[in-house]
Amino acid sequence: MKGTYLGEFEELVLLTVAVIQQDGAYGNPVMLEIENRAKRNVSLSAVHAALHRLEKKGFVESYKGEATAKRGGKSKRLYKISAYGLKALNEAKDLREGMWSAIPNVVLDKGSL
Amino acid sequence: MSNVPPKWIIRFLEWVCPEHLLDEIEGDLYEHYADVAERKSVSKAKRKAFGFVLLSTPRLLLNRKYHQSTATDMLKNYVIIAFRNIKRQLGYSLVNIFGLAVGLACCILIGLYVKHELSFDRFHTEVENVYRVDLTFRSAQGEKKTFMTPTALLPTLKREFDEVKHGVRVFDVGGFSPVILQHGNVKYQEPEFFFVDSAFFDVFSFKLLAGNPSKCLTEPRSVVLTEYSANKYFGDNDPMNQVIKVDGNDYTVTGVVENTPDNSHFQFDFLASFSSLRAAKQEIWSSANYATYIRLSSNKNVNSIKQTLNDKVKEALGEGQSMSLIFGFMPITDIHLRSDISDEMQPQNSITYIYIISVIGVLILLIACINYMNLATARSVERAREVGMRKVLGAVRKQVFVQFLGESAIVTALSIIVALIFVNIAMPAFNSLTGKVIVTEDLLNTSVLTGLLITFLFVSFVAGAYPALSLSSFSPGSMLKGNFTRSKTGNWMRQILVVFQFSISIFLIIGTLVVWKQLDYVKNKKLGYDKENVIILPTDGNVNKNFETIVTELTKRPDVAGVSIASESPVNIGGGYTLSVPGIIENPISVNAVAVDKRFVENMGIALLQGRHFNDADLKLVSKENREEREYAFIVNEEVLATLLIDEREKILGQKVNLNGRQGEIVGVIENFHSTSFHRKINPLVLMIEPSQYNMLFVRLDTDNLQKTLLAVEDEWKRIVPDRPFVFEFMDEEYDAMYRSEERLSNVFTVFAVLAIVIACLGLFGLVAFAVEKRNKEIGVRKVLGASVPSLFFLISKDFSKLVVIAFVISAPIAYWLMQEWLADFEYKTTVGVWPVAISIVCTLFIALLTISYQSIKAALLNPAETLRAE
């Protein structure tokens, strides 16, 4: 495997895949979901690039989905998070939580002021 | 469906997108487009789609490259495997690449050299119409061909033949005695000074940088300089219309021409107008001193022109001549390599030499290719499993063949890169070896690069085809079962190739030794005169006038053994005359003759066999004002007697003879001495006294401190003849210069013989290593059973020594015969003899054994437990 580092945008995409994989996660819904939740503009090609990269790193798995007329008769490629991907997400979460808990209260208090 | 992306975007996407991603990407784009068009607007959707394609394209293209088809996948695999093999067997790969690189470097250098040699004189426009007229004197004694023609030739040609468009006579005054040029305080002796007709620039295409090409050589006393000589005399000043002194006379500079290209057979520094010469006003046939070049309108009728010319000349000269003149036309492009004239105006090369060096280059490259073939097939065991696996997985023979051919192409490509580095490193050494000026930039033109490409393809194929064929022929079943054995034919083939390599090496060694031997013979043979410790100084009328003063002043010094003067140096006497001997022979005989002073014979250490030396009375008799009353004394060599069939020397003394109109009698006989190169027989030679012909002064030194003596002589010289620069040459160096082409051949032979044997041994080294590896177990068992180290060494060395001996048996007779042929070119020669042959085999065997010994001793010393432990 190339690198197993999980970038910020990759993490976002990976999380989104995990969120919507029941309804079928592929380029367009992933993009819309991120746009809705993060309130930021995401291009479709960036989502594709991230998905392909994640697949190469082994964080997601893909399988062929159905074709619709709206897609010009092309079949979808659906993604779902792999066990390895889930583990990576967990590690990222743990890292963040660990660091959150390590922030001294004083800083947090000041931040709230 | 109305909301679909523009057609061109889809088509573009289909073009860039790899097959396996197309459905996903294209589908998503359709969907996205429809969404945006529905929620926002069609134009926004179009923009989005365009942006999508723009952003995705680079990534898709890269992806495509990665996974396209099996063909590129396999290609990638082949390259990876090739490099892995190079890395895994680094030692052998280095042997291969290094050997090939050395071979290629030789080839590239030789190629550049040959290319330059073949390019001589081709820079003239319509060069196929330019000829030089040569002249053959035919008489009862034989023929003599020269490039020198009479003054009457060119005017006759122009009058009689319309086809002769332009013509030019060239007089090499420097060939007789170098002229002295002076401008202000700058004064030099110039050997490359020529008088040429005004049509010079119509015949030749040298570029005139200043001056009018059709007029600059018309007026008497005009001179054209090359850039180089203009700079030498005038520095940064404009030389045009300046005055320069030529042997004391004022000449006007009327033009500046570019420096002579180094691939011109005719190298000049100065061109003066032919009209300055007295000879320009005469048309005579009787003396031939001028090279004649002509430009024809077309070269179709050369033969008929030649025929008509010779008929006309015969007519003009009348019948009853003992010697006939035959003119021929030599294309100017043939002069450098294909001329059969022994004394060219300036030294040229010979086509034989070009052939020899080209053949050597190809042989060296072949040796290097064979190394590759041998090592590649010897290592086939290691690749057998790979080939078997490939075949099982569906590779056909052609694919395996292509794979191995590709590997050899990779090795060749690496070798060429290394070779180019070697070429750059070896360039200065090569230039001094061959006397050429080849620079790195010469490599960068299309013909050289094409040549390199052809060499690359040729070597990849020659070196790669055999291993590829043999490796691809294995049957996968036996290979994978592990009981694969080397084929007998493969082994045979390798042995034949090793024999071939060593045959070439042995041939080159014998060649080298014979050339050395002959050169040694030439340099050490008794010449009949003493060429050591003599300096030669060119003279002019003024020096000749002061000759007696110079003799008296110089011989006062204890470190000067003698001074004399002559028309030519004894090293190479070329002046041709006819000698009539009434009462003994009917027709005159052709002889060489040289004008000398009374001390010459003694000073040169030439043995007087009979009669007397010249004396002052002889000088007085030939110096009479009235030509009719002059009486000459002649001293002849033994060869004259032999030609006249006279046995007793006394008989010739007092014999009345006539040498080209000089009446006189023979007063002495000298021993034959080598008055020309060893290529030619000693000619009949006549010595006479004739002060008007004196050209060269010889000072024999007898000193321990050469520098001091030379300085003293120079002081003396400057005092007596201040206008003449003290520029001298050593006689023994002049002698060595005659054999420069043999010297070069010997150097070239030496270098390439060494390279050939080094490359051959590199290959042998690799082969032995494999043979030993293969027989490791056998050696272990033998050792356990009590074999000694020497006997094991013998066991391994035997196989390879056998090959060297076979190579010797094949190549020694061929080399012997060929070198005999080469020696036949010399009139005076050594024999090939036993020694070169014996030395070659001993040398080769020794070097081969040395190469083998490292591996075989290592194997013989190995602890058998190590090799037998496995299994």
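User: Over how many bridges do strand β15 and β25 of chain B pair?
Analyst: The model is predicted. In chain B, β15 takes in residues 534-538. Its pairing with β25(B) is antiparallel. The number of bridges is 2.

User: Which residue in β25(B) does B:Ile535 stand opposite?
Analyst: β25(B) is a partner of β15(B). Within β25(B), the residue facing B:Ile535 is B:Phe730.

User: What is the strand order of the open sheet of 4 strands in chain B?
Analyst: The pairing in this sheet is antiparallel. The sheet is open. Its order is β16-β24-β15-β25.

User: Which strands of chain B stand at the edges, and why is one side of each left without a neighbour in the sheet?
Analyst: The sheet is open, with the order β16-β24-β15-β25. An edge strand here has a single partner strand, so one of its sides has no neighbour in the sheet. The two edge strands are β16 (560-566) and β25 (729-730) of chain B.

User: At what angle do the axes of α2 and α3 of chain A cross, and how are the two helices oriented?
Analyst: α2(A) covers residues 27-38 and α3(A) covers residues 44-57. Their axes come within 9 Å and cross at roughly 110 degrees. Angles of 65 to 115 degrees count as roughly perpendicular, so α2(A) and α3(A) are roughly perpendicular.

User: What is the handedness of the crossing of α2(A) and α3(A), and which residues make the contact?
Analyst: The crossing is right-handed. From α2(A) come A:Gly27, A:Val30 and A:Met31. From α3(A) come A:Leu44, A:Val47, A:His48 and A:Leu51.

User: How do α1 and α4 of chain A lie, and at what angle do they cross?
Analyst: α1(A) is residues 8-20 and α4(A) is residues 83-102. Their axes come within 11 Å and cross at roughly 120 degrees. That angle makes α1(A), relative to α4(A), oblique.

User: Which residues make the contact of α1(A) and α4(A)?
Analyst: The two helices pass in a left-handed crossing. α1(A) supplies A:Glu11, A:Leu14, A:Leu15 and A:Ala18. By class, the contact has 5 nonpolar, 1 polar and 1 charged residues. α4(A) supplies A:Gly85, A:Leu89 and A:Ala92.

User: What is the angle between α12 and α25 of chain B, and how do they lie?
Analyst: α12(B) spans residues 351-378 and α25(B) spans residues 740-774. Their axes are 9 Å apart, at an angle of about 5 degrees. Angles under 35 degrees count as roughly parallel, so these two helices are roughly parallel.

User: How many nonpolar residues are in the contact of α12(B) with α25(B)?
Analyst: This contact has no charged residues. It has 5 polar residues. The nonpolar residues number 19.

User: Which element gives the most to the side of chain B that touches chain A?
Analyst: In all, 17 residues of chain B are in contact with 16 residues of chain A. The elements giving two or more residues on the chain B side are α2 (19-39) and α3 (42-66). With 10 residues, the one that gives the most is α2(B).

User: What is the pattern of chain A along the sequence?
Analyst: Chain A has 5 helices and 2 strands. Along the sequence, the pattern reads α-α-α-β-β-α-α.

User: Why is chain B more spread out than a compact globule, and what is its radius of gyration?
Analyst: Chain B has 29 helices and 25 strands. For 871 residues the globule rule gives 29 Å, and the chain is well over that, so it is more spread out than a compact globule. Its C-alpha trace spans about 125 × 90 × 55 Å along the principal axes. The radius of gyration of chain B is 38 Å.

Conventions. Residues numbered from 1 in each chain as written. Chains lettered and ligands numbered in written order. Predicted model: local features only at pLDDT ≥ 70, side-chain atom pairs only at ≥ 80, totals over all residues. Pairing = 2+ DSSP bridges. Axes fitted to C-alpha atoms, helices over the stretch in contact; angles between N-to-C directions. Parallel < 35°, antiparallel > 145°, perpendicular 65-115°, else oblique. Left-handed = near helix turned anticlockwise from the far one by under 90°. Contact = placed C-beta atoms within 7 Å. Nonpolar A, V, L, I, M, F, W, Y, C, P; charged D, E, K, R; others polar. Rg over C-alpha atoms; globule rule 2.2 N^0.38 Å.
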